[in-house]
Each structure stands twice: as structure tokens, then as C-alpha cells.
Amino acid sequence: MYATDFEYADKRLSDFNCITCYIGSSAGVSEADIGCDITFQTIKNNHSSIQYRTATSYDSVYTTSFEIMKKQCTNNLDDMYMTYEEVSVLTKWLNRREHRKFKVYSESGTTPDVHYYGSFNVKEKTINDRIAGLILTFTGNAPYGSGEAIRNEFSFISENSTFFIHGDSDELGIVYPVVTVIPKVDCLGSMCEIVNRTTETKVVLRDVRANEIITLDGEHKMIASNCSDHTSLYNDFNYEWLDILIDDESCANEYVVNIPCEISIEYRPIRKVGVC
């Protein structure tokens with residue numbers, strides 16, 4: 001994909017009458033480093049040359065560099081150069097002390113199912129002391145990007161209902177989604193249980209009320225309720241978060257919930273794709 005435009009902090013590069021480019025002899029967009037460099041911590045005994053893994057971690061966050069210039073609409077070469085005022089506006093937009101959403105678009109206007117969160121460093125690229133464009137270096141807050149949110153919704157009218165979720169992610173392992181549970185019956189003196197039979201984990205919520213909205217944010221390990229008088233909520237949860245297993249076979253996760261209820265499960269899949 002040849003990226004000519006991108007979105008950052010709710011604005012498009014084209015809003016500033018600019019395009020991505022290479023200012024020089026090479027055409028196209030710069031080579032993309034997709035991050036995802038993994039460091040393995042290993043041990044080896046005295047009787048073997050085999051390294052045994054003890055732990056792994058990502059060694060770097062996602063980063064990529066490319067250049068931008070003004071989109072020339074006339075034959076006047078002077079129009080291609082940026083003014084200091086234009087550079088100031090672009091730098092204010094891109095160079096932030098916070099992580100904002102970054103998403104690229106191709107020449108045809110299509111876009112891959114991936115975005116990143118981060119900020120830009122900005123440098124000027126000059127020709128004969130005039131600003132021909134800017135060199136942008138994006139640094140993300142993670143070693144990879146994210147896909148658009150995947151949301152699964154279920155409604156059950158009977159006890160011990162079963163449902164399935166096929167996990168979607170470029171990273172093998174466990175995903176902890178945001179889960180909303182709305183019981184259809186009172187569980188005062190009893191409990192609501194959601195069991196993942198695939199991973200053998202169980203969410204337990206005690207003393208929940210009919211139509212109470214319970215939100216479990218597994219990624220950030222937070223629980224909340226819209227019922228202000230459920231003051232014992234933090235003691236009524238077993239702190240075992242609903243999970244989704246991502247494996248090589250893309251097997252379905254099988255769940256069973258013991259009470260009639262509505263459940264929504266939402267997560268953003270990891271995408272190990274770079275900007276081309």
C-alpha cells in the first residue's frame with residue numbers, strides 16, 4: 001500500500017494541503033520498522049547447548065519515519081516550499097506530549113485495519129535554505145498496532161447458556177476484553193458465573209440485581225456498576241477476569257453463563273503491520 005495521507009489526533013494531513021513523499025532521489029514512503037523485536041531470557045545447563053526460555057519481552061515500540069511536503073497545485077516552484085507559519089501549524093498538530101491515534105490511508109483512499117497511538121518528532125528538510133518539507137518520526141506506545149474494535153453481543157433467556165467466541169489477533173496468548181453484564185434476574189444471596197471452558201477460568205459476581213449494568217475492564221483491571229447502592233461490589237467479585245485465548249488453530253472459546261442475562265464483549269485485536 002502506497003500511503004499518501006494519514007489521520008492523527010482527529011485531523012488528516014490533507015487538511016493542511018500536504019502529502020507524504022520522499023524529498024530526494026528515491027520515490028515512495030520510507031521503509032517501515034514494525035517493532036515487535038522480542039528478547040528471550042534463557043538458561044542453559046552444563047550438559048547441553050540448548051537454550052531454555054525463562055521469559056520473553058518486546059524490546060522496542062513501533063516506530064516509523066517518512067517525509068511530507070506541500071501538495072503543489074500550480075506550476076510555480078515557489079509554491080512547493082513551506083513557510084515558517086505553515087511549519088509552526090504542522091508542528092503544533094504533530095508534536096505532542098500525549099499519545100494520539102495515528103492511521104494511514106492509501107492513494108486510492110482505502111485503509112488497512114490497523115492504527116497506532118503515539119506522537120511525532122518533526123525535523124525540517126531544506127533545499128538552499130528554504131523548507132522543502134518535514135521529516136516525521138512516529139513513536140508508538142506499544143510494539144504493535146491495533147485493529148478496529150471487535151464487539152460480540154449475546155442475550156440469554158435461560159440458565160446455563162453456552163456461547164462461543166473466535167479470538168482474532170496477530171499475537172498468540174490471552175486477550176482481556178471489556179465485558180458488560182446485565183442480569184435479567186436478581187442474584188441477591190447467590191451469584192452470576194461466566195465460565196470459559198477453554199481456559200478453565202471463571203468470573204463470579206455476587207449479589208447483583210436485575211438490570212444492573214456491570215462493566216469488567218480486563219485490560220485495565222477495573223470493575224464498575226451503574227447501581228450506586230451496590231457498595232459491596234468490590235467484595236462481590238472474585239477478580240478472575242473474562243479472557244479470550246488466541247492460539248495457532250484459531251479455536252473457538254466456549255463459555256457458559258448460569259443465569260439469564262445480556263453480555264457484550266469488546267476488544268481491539270493486536271495487529272503486527274507496519275506503515276508501507
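1. A quick definition before the rest: a contact here means heavy atoms within 4.5 Å. Keep that in mind for F163, which touches F154, F156, I194, N253, E254, Y255, V257, I263 and I265, leaving aside residues up to four places away in sequence. This is a predicted model, so treat what follows as a reading of a prediction.

2. How confident is the model? The chain averages a pLDDT of 85, and 83% of the residues score at least 70. Among the elements of the chain, strand β15 (residues 178–183) has the highest mean pLDDT, 98, while strand β4 (residues 32–33) has the lowest, 38.

3. Two stretches to handle with care. Over residues 25–42 the pLDDT stays under 50, although the model has 58 contacts there beyond four places in sequence. Residues 47–55 are also below 50, with 19 contacts in the model beyond near neighbours in sequence. Where pLDDT is low, the predicted coordinates should not be read in detail.

4. Now the inside. The largest nonpolar core has 29 residues, and F163, I194, L205, L216, I263 and I265 are the ones with the most contacts inside it. Which strand gives this core its largest share? That is β22 (residues 261–267), with four residues. Apart from this core lies another one, of 23 residues, with F6, M82, V87 and L136 among them.

5. What stands opposite F163 in β21? It is Y255, and Y255 is also one of the residues F163 touches.

6. The other sheet is open too, with five strands in the order β12-β22-β15-β18-β19 and antiparallel pairing. Its edge strands, β12 (150–156) and β19 (222–225), each pair on one side only. From one strand to the next, the twist averages 10 degrees.

7. Last, the pair at the β12 end. β12 and β22 run antiparallel and are joined by seven bridges, with I150 standing opposite Y267 in β22.

Key. Residues are numbered from 1 along each chain as its sequence is written. This is a predicted model: local features need pLDDT of at least 70, side-chain atom pairs count only at pLDDT 80 or more; totals for chains, interfaces and linings use all residues. Side-chain values use heavy atoms; hydrogens and water are left out. pLDDT is the predictor's confidence in each residue, from 0 to 100. Helices (H or I, at least four residues) and strands (E, at least two) are DSSP runs, numbered from the N terminus. A nonpolar core is a set of buried Ala, Val, Leu, Ile, Met, Phe, Trp, Tyr and Cys residues joined through side-chain atoms within 4.5 Å. Buried means under 20% relative accessible area, exposed over 50%, partly exposed in between (1.4 Å probe, protein chains only). Two strands pair if DSSP finds at least two bridges between them. Axes are lines fitted to C-alpha atoms, for helices over the stretch in contact, and angles run from 0 to 180 degrees between N-to-C directions.
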